[in-house]
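Have a look at it before reading on.

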Amino acid sequence: MQPYLRPDLDRLQAYHAPHFPEADKLDANELPHDLPEWLKNKLAFLLEQGVRTNRYPEGDPLALKAAIAEYCGVTSEMVCVGNGSDELIRSLITATCLGGRGTVASAEPTFSMYRILAETLAVPYIGVARTANYGVDADVLEAAVGANGVRVLFLANPNSPTGNLLSDEIIERLGSLPVLVVLDEAYYEFSRFSAVPLLWERPNLVILRTFSKAFRLANFRVGYALANPEIAAVLEKVRLPYNLPGLSQLAAFAALEHRDVLLAAIPEILAERRRIERFLADFEQLELFPSDANFLFVRPRIADPEAVRVALAGRGSLVRGAAGGLRVTVGTPEQNDRLIANVAALFTPEMR
């Protein structure tokens, strides 16, 4: 480690995503369907006619913020957009904990970027252990938050990788915590549960969402935060200038404009999730957990999860190893057919 670099970075590992273009990609919770060709053509036209590539993109995309506000039922002053939700998580940590002011907390296992971004900013992080079924114990969480100088708490709802929603008790208790509470609703369009109505009565609440899942724009990296105007204004102060490329702004705006078309795929995804659930539930050697998202979490009872992941990848189904189990994104019906066949080949009828 060279002397002018922070020594604590030596133990960190760069984020890595496996790339197997020949396999069915069921490891990143993306929607399996690309944008319709006519919408891609529209974006290409808008890029050609409306974007001067020699100029910086709009620094404060007011039209996109207004469209997001209309979609979510809030005002534009409550919206902040980011280069993916990751940038917004980083901004929230910067706004609360940087400079030795506090600790980041979450309930683990969960989305890894909460921990990773805290560590890259040299901010202390605590991961509160979830219960056996991956719920959150309100008393344990409250005690951990109170005893560790926590200033911001991130909770994914539904959680990734486990797919479950927070209980009503936890949602209620969060309102009394003396910290900034961030509910990550990346999978809202699948769960249809949102805490947006609570924004007006809980000034310490922030909601994160993304265009990377149901809206099929993972390649464009557009996320957004909803919060009271005071918090949203602070997030504007700490974000990078021109943080959202012009084409990404156009894509997000077009996605909202045509959301009736794009979101029409969700019933198929949910039906396919139920089909995979019914299949996996037939294997006694697999512990399956209920999901409110576009993925499933399953834990092999006798086999090494990593060995199962590698075996499935070798057969053409790329899933994600996480938290001692496997997170399986719902794909197209054809991809799911192949996943089912590959699981059946690994776990013989005698093992059911």
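## Before we start

Keep in mind that this is a predicted model.

## Two pairs of helices

Let's begin with helix H11, residues 266-280, and helix H13, residues 333-346: their axes come within 11 Å and cross at roughly 10 degrees. Angles under 35 degrees count as roughly parallel, so H11 and H13 are roughly parallel to each other. On the H11 side, the contact is made by Glu 268, Glu 272, Arg 275, Ile 276, Phe 279 and Leu 280. H13 brings Pro 333, Asn 336, Asp 337, Leu 339, Ile 340, Val 343 and Ala 344. Sorted by class, that contact has 8 nonpolar, 1 polar and 4 charged residues.

Now try helix H3 (residues 84-96) and helix H8 (residues 229-238). Their axes come within 9 Å and cross at roughly 100 degrees, so H3 and H8 are roughly perpendicular to each other. Ser 91, Leu 92, Thr 94 and Ala 95 of H3 meet Val 234, Leu 235 and Val 238 of H8. The class count here is 5 nonpolar, 2 polar and no charged residues.

## Nonpolar cores

The largest nonpolar core has 84 residues. Those with the most contacts inside it are Ile 68, Val 74, Leu 174, Leu 183, Phe 211, Leu 226 and Val 343. Val 343 also takes part in the contact between H11 and H13. As for Ile 68, if you skip residues up to four places away in sequence, it touches Val 79, Val 81, Phe 211, Tyr 224, Leu 226 and Leu 256. There is also a second, separate core of 25 residues, which includes Ala 118, Leu 121, Ala 156 and Leu 208.

You'll find Leu 205 in strand S7, and at 3% relative accessibility it counts as buried. Apart from its neighbours within four places in sequence, Leu 205 is in contact with Val 181, Leu 183, Ala 195, Leu 198, Leu 199, Leu 226 and Ala 227. Leu 247, on the other hand, is 42 residues from Leu 205 in sequence and 30 Å from it in space, C-alpha to C-alpha.

## Aromatic rings

How many aromatic pairs does a search of the whole structure find? It finds 12. One of them is Tyr 134 with Phe 289, an edge-to-face pair at 5.0 Å centre to centre, with 65 degrees between the planes. The pair links distant parts of the chain, 155 residues apart: Tyr 134 is in the loop between strand S4 and helix H5, while Phe 289 is in strand S9. Both Tyr 134 and Phe 289 are buried.

Phe 211 and Tyr 224 make a tilted pair, 5.6 Å centre to centre and 55 degrees between the planes. Phe 211 sits in the loop between strand S7 and strand S8, and Tyr 224 is in strand S8, 13 residues apart. Phe 211 and Tyr 224 are buried. With Tyr 71 and Phe 215, they form one aromatic cluster.

Ala 138 and Glu 169 are 31 residues apart along the chain, and their C-alpha atoms are separated by 7.4 Å.

Ser 191 lies in helix H7, residues 188-191. With 14% relative accessibility, Ser 191 counts as buried, since buried means under 20%. Leaving aside its neighbours within four places in sequence, Ser 191 is in contact with Pro 158, Leu 165 and Asp 292.

Pro 158 lies in the loop between strand S5 and helix H6. The peptide bond from Glu 108 to Pro 109 is cis as well, with omega near 5 degrees, and Pro 109 lies in the loop between strand S3 and helix H4.

Asn 29 has a positive phi of about 60 degrees although it is not a glycine. Asn 29 lies in the loop between strand S1 and helix H1 and is buried, with a relative accessible area of 0%. Ala 122, in the loop between H4 and S4, also has a positive phi, near 60 degrees.

Terms used:
Residues numbered from 1 in each chain as written. Predicted model: local features only at pLDDT ≥ 70, side-chain atom pairs only at ≥ 80, totals over all residues. Heavy atoms only, no water. Axes fitted to C-alpha atoms, helices over the stretch in contact; angles between N-to-C directions. Helix = DSSP H or I, 4+ residues; strand = E, 2+ residues; numbered from the N terminus. Parallel < 35°, antiparallel > 145°, perpendicular 65-115°, else oblique. Contact = heavy atoms within 4.5 Å. Nonpolar A, V, L, I, M, F, W, Y, C, P; charged D, E, K, R; others polar. Core = buried A, V, L, I, M, F, W, Y, C linked by side-chain atoms within 4.5 Å. Buried < 20%, exposed > 50% of the residue type's maximum accessible area, 1.4 Å probe, protein only. Phe/Tyr/Trp six-rings, centres within 6.5 Å; stacked < 30°, edge-to-face > 60°.
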